[in-house]
Every structure is written in C-alpha cells, then in structure tokens.
Amino acid sequence: MTAGTETPKPPEPASPEPAPPAGPRVNRVSAADIAAALRAGVADFRARPLMSGFFGLFYAAFGLIFLWILLWLGKVWMIVPVAVGFPLIAPFAAAGLYEMSRRMQQGESFGWSEILGVMARQRQREMGWMAFVTLFVFWVWVYQFRTVLVITLQDSSFSDLDGFVTAVFFTPAGWTFLAIGTCVGAFLSTVLFSVTVIAMPMLLDRDTDFVTAMLTSVRSVTESPRVMLAWAAIIAATLLLSMALAFLGLIVTLPVLGHATWHLYQRAVPPAQG
C-alpha cells in the first residue's frame, strides 16, 4: 500500500424506507356514541322517510319472497338458518342509506338518481369483494347448520313446518341441535360483523381497498369490544323482532339502523387528514 493513501470508507447503509401507514386511525367508542348514532339515525329517517323506508321495504319484500320460495320447494329446514343469517346481508341493503346520511351530513341535496347511481357504481369498486366475503360466510353457516341438523336429528322426520318445529323445540335431540347451532351461528356472526360493521360505510366513503376496510373494521371492534358487540346485539335483536312481525317492522328499523351505522362509523374512524 502506498504511503499516504487513505483507506476508502465503506459505503454508508441506505436509510431504511419509511414504514407504510398502519391504516386509518380508529377511535374508541362508548355507549354514549351508540346512543348518539341512534338519535342521528332516527333524525335522518325522519328527514327523508319515503326514500329511507323504500330500502326497508325492499329488504322486507326480499325476505318474504325468499321465505315463500323455501316453503314452495319444501326446504323447511332452511328457514331457520336463513332467518338467522338474513340480518347478515343487511349492510348491503343499507348501502343507499349510508350515502343518504353522508349527503345529509354535508348539506348536499339529492334525489333517487344520485343515491341509486352511487349504489350501482359500487359493483365496479371493492364492494363486490365484500359481497363475496359475506356470501361465503353465509354459505358456511348454512352448510354447518345442515351438518349439525343431520348429526343431531338423524332419526327425526319433518316434512312440514309443524314437524320441524316439534323436532327442534320439543325433543332432547332438538335441544342439542339448538345449543350447537347457536354456538356456531354466534361465532360466524361475530366474525362477519367484525369485518363488515365499519368496512361497508368506509368503502362507500373512501377510495380504499376491501382488505384495508376489513382490517379497520376488525380494529374498531377490538378497540371497543364490549360496545361494538353490544351494537351487534342491538342490530340482531331489532332485525329479528322486526322479521317476526311479518317482516313489516323492517320498513322502519332497517333504515334507522342503517343511518345509525353511518354515524357510528364517523365516530369510530375520524376523517383522513388532508
């Protein structure tokens, strides 16, 4: 080595790339937030009762037609899983309600064409993937229901609705079936609620992908588990009671819950900065 020659310095390590953002910030919500969201939901319904009630009427009519088809086909055993799983598709029926609440919140005027147009454009966005996730979970629920039904009630015969009710509610095997089915249904419903409760309005509100929306929804549930699961119980109980009244209660309860879900989303996920 020649005297006076400096030893070359090793190249400095490249600075690490900044970590990707963790996703939208999620706030903790409280029972007061649910109460405020429900009040706002009622106010939105009262502001546009005919348009809001249309979505509830459509949802109720769809349920009645589907029930009639099951009876006509003799698929009596499917009435219970479909009735229990029917509230799972409510977020799709409420998509127009989210858009209505968003526009009312911003003071925008709108008519049928604007709301229905927004709903139609969702087919070209990430909402289609959310529909796939929801329908897949619903299919798993019906399949598991049928499996438990065959295992626990294999010696029972129910060719009509009365026979099915007797076998399920008035026999020891039926009680076992109800216990197992309730646990499976509760688990699947909790999973689906967790990935959709915030994801649905978020996809309508922001230009984001469905994976980010689902992860944000799960984070909102894990951030406030008791409050969010209480909201899930309110939704399920309200919709099931509304269905018990020949589905007519859905004309009011679905719109109110849909509008309220939008306002709860606004409290759980603050607006993006900038």
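Mentor: Aspartate 33 is buried, since its relative accessible area is 14%, and buried here stands for under 20%, exposed for over 50%, and partly exposed for what lies in between (1.4 Å probe, protein chains only). The model is a predicted one, in which local features need pLDDT of at least 70 and side-chain atom pairs count only at pLDDT 80 or more, while totals for chains, interfaces and linings use all residues. Residues are numbered from 1 along each chain as its sequence is written, and side-chain values use heavy atoms, with hydrogens and water left out.

The side chain of aspartate 33 meets that of arginine 267 in a salt bridge, with 2.8 Å from N to O; the term asks for a side-chain nitrogen of Lys or Arg within 4 Å of a carboxyl oxygen of Asp or Glu. Aspartate 33 belongs to helix α1 (residues 31-47) and arginine 267 to helix α13 (residues 250-268), so their pairing ties together parts that lie 234 residues apart in sequence. Helices are DSSP runs of H or I with at least four residues, numbered from the N terminus.

By the salt-bridge rule, the count for this model comes to five, and others are found in helix α5 (residues 95-105), which holds both glutamate 99 and arginine 102. Glutamate 99 forms a salt bridge with arginine 102, and the closest N and O atoms of this pair are 2.8 Å apart. Along the helix, glutamate 99 and arginine 102 are three residues apart, about one turn. Glutamate 99 is buried, with a relative accessible area of 2%, and arginine 102 is buried as well, its value being 16%.

Glutamate 99 also takes part in a salt bridge with arginine 103, where the side chains meet at 2.7 Å, N to O. Because arginine 103 and glutamate 99 are four residues apart in helix α5, about one helical turn separates them. Both of these residues, arginine 103 and glutamate 99, are buried. Looking at the links as a group, you will find that salt bridges with shared partners join Glu99, Arg102, Arg103 and Glu108 into one network.

Technical notes:
Helix = DSSP H or I, 4+ residues; strand = E, 2+ residues; numbered from the N terminus.
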